[in-house]
Every structure is written in C-alpha cells, then in structure tokens.
Amino acid sequence: MLHDLTLPVRLSARAGSVVVRNAVDGDLDALMALLSDDPISAARGDVAAPEDRPQYAAALRSITDDPANALLVAEDESGRLVGTLQLTRIPGMARRGSTRLLVEAVRVSSALRSGGIGSALMRWVTDVAAPDLGTPLVQLTSDAARTDAHRFYERLGFTASHVGFKYRVPGVGADRQA
C-alpha cells in the first residue's frame, strides 16, 4: 500500500531541492499553516486557529494510520515544511478493475509558488509513485475557483475530464463549508 513508497526522496525544483517524506505528528502546526496560507482554504475555515488543533491532529492520525492513505510533506534544505499533498489508493471495478491514485490537498508555501516545487511533487506522483503502486490512473479534484491550479495541472498533462459534485451532510463533522 502507500506505506510501501520509497521515502524520503529528494526532488529538484527551481526554488531549490526538497525532501519528500511521510508527515509525522510534529508537522501538524506547519501543515495547518500551509492550509491557512491558501486563500480558498482559509475562506473554508482553515485559518490555523489553535482551538482547531485537536481536529487537525485527529485527521493527521487518521490519514497516517490508514495504509490506503499517505500525507506527504516537502521540506526545504533548512528543514522547513514548504509543501504537502495527500495520496489515496482507491481500488475500483470500473475501467476493468483499475486502481486509482487520488491526489488531494496539494499546497506549496505562497512564498515559493511558481518555483517548481508543485511540478516536482506532481511529476514524482505520476512518474514514480503511481507506477510503483500499480495505479494506472492518477486523478484529482480542484476547486472551480482555482483557475491557476487548473492551468498548472493541464500543463502537467492532466485533463479536465469530469464534473465533480459534493453533498454536505447536515450536522456531521468539522467540514461544514468545504
């Protein structure tokens, strides 16, 4: 499963090299800061509020304890967390039983965006992680407001092939706005 990925791995980007590794509990505050550094996430409530820390900690544990999931972080040469993404391996019946690799919550520090870190992360996902995991399809969703991100993914070879839908279950969980 995803815990079998060969990590850590060093990736090169215009902004400098980064080391990609599995997230650990000690990354929690930096992960919260990365989410809040994004205006769309912040508008949904990801504002790195101290009172939300227990919910984020529980989510981090849930992801890291699940062998079908991985929360990865990218740290710069000084050890500062500058990027993150979540991978989920989804077995399926469609496409003749193809397994998919879902990419979620890709974030790069706003100070380093357009420095090639996001491209390096995503190319590693498509060129290394997906083949190593035997997943012939890499998919992701992106908020409709993220037009820059859409251009970014298209430059990497992703196609806007589907329309996504969400249903908010009333009164369940912390994610009442996303």
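Me: In strand 3, are the side chains that point one way and those that point the other way buried or exposed?
Reply: This is a predicted model, in which local features need pLDDT of at least 70, side-chain atom pairs count only at pLDDT 80 or more, and totals for chains, interfaces and linings use all residues. Residues are numbered from 1 along each chain as its sequence is written, and side-chain values use heavy atoms, with hydrogens and water left out. Asn-69, Leu-71, Val-73 and Glu-75 point one way from strand 3, while Ala-70, Leu-72 and Ala-74 point the other way. On both sides these residues are buried (buried means under 20% relative accessible area, exposed over 50%, partly exposed in between, with a 1.4 Å probe and protein chains only).

Me: Why is strand 3 described as largely enclosed by the rest of the structure?
Reply: Strand 3 covers residues 69-75; strands (E, at least two residues) and helices (H or I, at least four) are DSSP runs, numbered from the N terminus. Strand 3 is largely enclosed because its buried residues number seven of seven.

Me: Which residue of strand 3 is the bridge partner of Val-20?
Reply: Strand 2 (residues 18-22) and strand 3 run antiparallel and are joined by four bridges; two strands pair if DSSP finds at least two bridges between them. The partner of Val-20 in strand 3 is Ala-74.

Me: Which residue of strand 4 is the bridge partner of Ala-70?
Reply: Strand 3 and strand 4 (residues 81-90) are also antiparallel, with seven bridges between them. Ala-70 has as its bridge partner in strand 4 the residue Leu-87.

Me: Which residue takes a positive phi in the hairpin of strand 3 and strand 4?
Reply: Five residues lie between the two strands of this hairpin. The residue with a positive phi, near 90°, is Gly-79.

Me: Is Thr-99 buried or exposed?
Reply: Thr-99 sits in the loop between helix 4 (94-97) and strand 5 (100-108). Leaving aside neighbours within four places in sequence, its contacts (heavy atoms within 4.5 Å) include Arg-89, Ile-90 and Thr-135. Its relative accessibility is 11%, so Thr-99 counts as buried.

Me: What percentage of the residues of the protein count as buried?
Reply: The protein has six helices and six strands, in the order β-β-α-α-α-β-β-α-β-α-β-α from the N terminus. Among contacts between residues at least 6 apart in sequence, 59% join residues at least 24 apart. Of the 178 residues, the buried share is 42%.
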